[in-house]
Amino acid sequence: MTAPELTALLTIARAAVAEGAALLASAVPGAVHAKGERDYVTELDLEVQRTVQMHLNAATPHIEFLGEESSSNRAAALEEGPLWILDPIDGTSNYIHGLPLCAVSLALVREGRPRVGVIRAPFLGLEYYAAEGLGAYVDDQLITTGRARRIGEAIVSIGDYAVGADAAATNRARFALTQHLAAVVERIRMFGSAALDLAWVAEGRTDGCVILSNKPWDMAAGVVIARESGAVVTDSDGTDHSMRARHTIAANPVISRELLRMTSESLDSAV
C-alpha cells in the first residue's frame, strides 16, 4: 500500500475510533453478559462496535470488518485482507469496575500484518495512531520507544492471567514468567488492556510487554504503533510478529533479546 493510501485509511480510522471513544466516554455500560467464565461483554461494547462499523462501512465499503463481538469468522481475511479489526472496548473488566484503563482499538490488517492502527483511551485523554512507514504518534506528537539500557532498569507489563476452564494449565507459564521477571526487572505492571500495553511501550512509558496470547482485535493496532515507534515486536520464538503468532512480545531494541530469552525460558519451564 502506498503512503497516500495509508494516510487516507489512517484518517478514516481515526474518525471512526473518535466516534466510538466519544460513545464510550459518555454512555453507561448497560447490561453486562457473561461470554465465559469471568469474561464479560456489555451492551456498550456492542453499541461501540456498531457505531464504528457503520462509519467504516460507509467510508470503505470494499474492506471487510471483524470485531471482537462479531459472530462471523474472518480467518481467511486475516491472511489476505485488507480487513478492519476492532476491539470496541479493550479492557472491558476495567471499564465495568470504573477503572480508566480501557480503549477503543482499531487496525487495518493486510496479509497477516497490521498496516494502520488507532488506539483511543477517552478516560485518559490519549489517542495513539500509526501507519506502516509513517511513524507513531500520541496526540499528534511523534513518539519513540523507551531507552532502558538494561533489563534491571526496565518496567515491563504483562498480559492478564487466563480465565476459563483451562486457566490453571494456561497460567503455569504466566506465573513462571511473573516470577522470572520479578527477580530482575525494575518493576512489573499489569494494566488489563493489551492495547495500552503496546501503546505504552511505543511511547516509552514502559520498556517492554509480554502478552502470552495473540487475539487479533487485542494486538493488531498496538503492534503497528509499537513497531513504528522503533520497538521490536516478535512471537515468543523470536520470529517477526504477525496475526498468526502465538504470543506477543514488544520491547525497546536494547532489552528485546533478554526479554525474549526470559519469556522462552518461562514457557519451557511450564511444560
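Student: What should I keep in mind about the model?

Tutor: It is predicted, so local features need pLDDT of at least 70 and side-chain atom pairs count only at pLDDT 80 or more, while totals for chains, interfaces and linings use all residues. Residues are numbered from 1 along each chain as its sequence is written, and side-chain values use heavy atoms, leaving out hydrogens and water.

Student: How do I read two packed helices, and at what angle do α5 and α8 cross?

Tutor: Two packed helices are described by the angle between their axes and the distance between the axes. Here α5 (residues 167–182) and α8 (residues 256–269) have axes that come within 8 Å and cross at roughly 135°. Axes are lines fitted to C-alpha atoms over the stretch in contact, with angles from 0 to 180 degrees between N-to-C directions.

Student: Which residues of α5 make the contact?

Tutor: A173, A176, L177, H180 and L181, where contact means heavy atoms within 4.5 Å. On the α8 side, L259, M262 and E265 are among them.

Student: And how do I look for empty space?

Tutor: Rolling a probe the size of a water molecule over the atoms shows where empty space is left.

Student: Which helix gives the most to the lining of the second largest pocket?

Tutor: That's α5, with 5 residues. The lining has 11 residues, and the closest to the pocket's centre are T170, A173, R246, H247 and L267. A pocket is an open set of points on a 1 Å grid over the protein atoms alone, where a 1.4 Å probe fits, with protein on both sides within 12 Å along at least five of seven lines; lining residues have an atom within 4 Å of a point.

Technical notes. Helices (H or I, at least four residues) and strands (E, at least two) are DSSP runs, numbered from the N terminus.
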